[in-house]
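Biologist: I would like to learn how to read this model. Can we take the features one by one?

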Amino acid sequence: MSPALRSIVGLALLGMASLAPAQEMPVFRSEVESAYVDVFVSNNGRPVRGLQATDFELKDNDVSQAIELVSTETRPVRAVLVFDTSSSLAGEKLVALRMAAEAFLEALRAADEAALVAFSEEISWLAEPTTDKAQVRSALTRLRAEGATAVFDALYAALALSDTGGRSLVVLFTDGEDNTSILGAHQLRIVAERSNVLLHVVGLRAASLTPAREETDQARALREIAEASGGRFWTPESPERLREAFAAIAASMNERYVLRYDPQGVTREGWHGLTVRLRGAKGRVQVRRGYWVPPPR
């Protein structure tokens, strides 16, 4: 990470850690003149294609809005890969993670940007956002497995650096429990809800430590944070299945619908709860739960 970015992240983390419960959490910029809502529709696990704007009903704070469908071709993705590189990743896991990242990059379009952040107890910005996927591939070769795990601090840094408007995507990978973060799950959930970032989390479970159907507190927290943003929590059964998960995440960005509307009949500042339903079509809708517009300073 460059010195400037390191300073930004460090100050942000210190500021978050020192907040009293009654104080307002940091907020992120939202596009309020025209709100863009990223939606994924599936049926039996497969994306539903060919829907039109008239197939959707969108409510902002329970007020119906007039929406239009925006082509994803006009809104490239900015994807930030955030990889746990603590010591538990040594060996085949690290090799599998690099291969999974390669599959992810291959599935992106030429206009999409990608970046790479690695973390153990420290956070390293290995490749800044670029359409040149070769730079990110080169950065993947510099991944080293060592140190402890600061999942929540790394996720906060990624959200803060990614929330620049447009279609921002964060893909967080971790294989272990957080043991050094300053921040906690509650703080991260608020930040994720108030950001414009779509978050997917890939959690590789340690089979020797966790029964197959048991969800740890951290896994539950990360799943809830991802779902609040409109994303999901992926649990590959083995390192070899990581590639499938990452390729599916990248491919799904081309299968999503982007809805645009100019908020009407609602207060500009504050929380905007979003509800999106289908009209006359069948499918499961995944969408962020809302967005936040800060009051004027």
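**Sheet, cores and a buried arginine**

Modeller: Strand β3 (residues 56-60) pairs with β4 in the antiparallel sense, over two bridges. Two strands pair if DSSP finds at least two bridges between them. Strands (E, at least two residues) and helices (H or I, at least four) are DSSP runs, numbered from the N terminus. The model is predicted: local features need pLDDT of at least 70, side-chain atom pairs count only at pLDDT 80 or more, and totals for chains, interfaces and linings use all residues. Residues are numbered from 1 along each chain as its sequence is written, and side-chain values use heavy atoms, leaving out hydrogens and water.

Biologist: Which residue in β4 is the bridge partner of Lys59?

Modeller: Ser64. The open sheet runs β4-β3-β13-β15, with antiparallel pairing. Its edge strands, β4 (63-64) and β15 (290-293), each pair on one side only.

Biologist: How many residues has the largest nonpolar core?

Modeller: A nonpolar core is a set of buried Ala, Val, Leu, Ile, Met, Phe, Trp, Tyr and Cys residues joined through side-chain atoms within 4.5 Å. Buried means under 20% relative accessible area, with a 1.4 Å probe and protein chains only. The largest core here has 34 residues, with Phe83 and Phe173 among those with the most contacts inside it. Helix α2 gives the largest share, seven residues.

Biologist: Is Arg167 buried or exposed?

Modeller: Arg167 is in strand β9. Arg167 is buried, because its relative accessible area is 4%. A polar atom of the Arg167 side chain lies 3.1 Å from the backbone oxygen of Met253.

Note on methods. Buried means under 20% relative accessible area, exposed over 50%, partly exposed in between (1.4 Å probe, protein chains only). A polar contact is a pair of N or O atoms within 3.5 Å; within protein, one must be able to donate a hydrogen and the other to accept it, and residues adjacent in sequence count only if both atoms are side-chain atoms.
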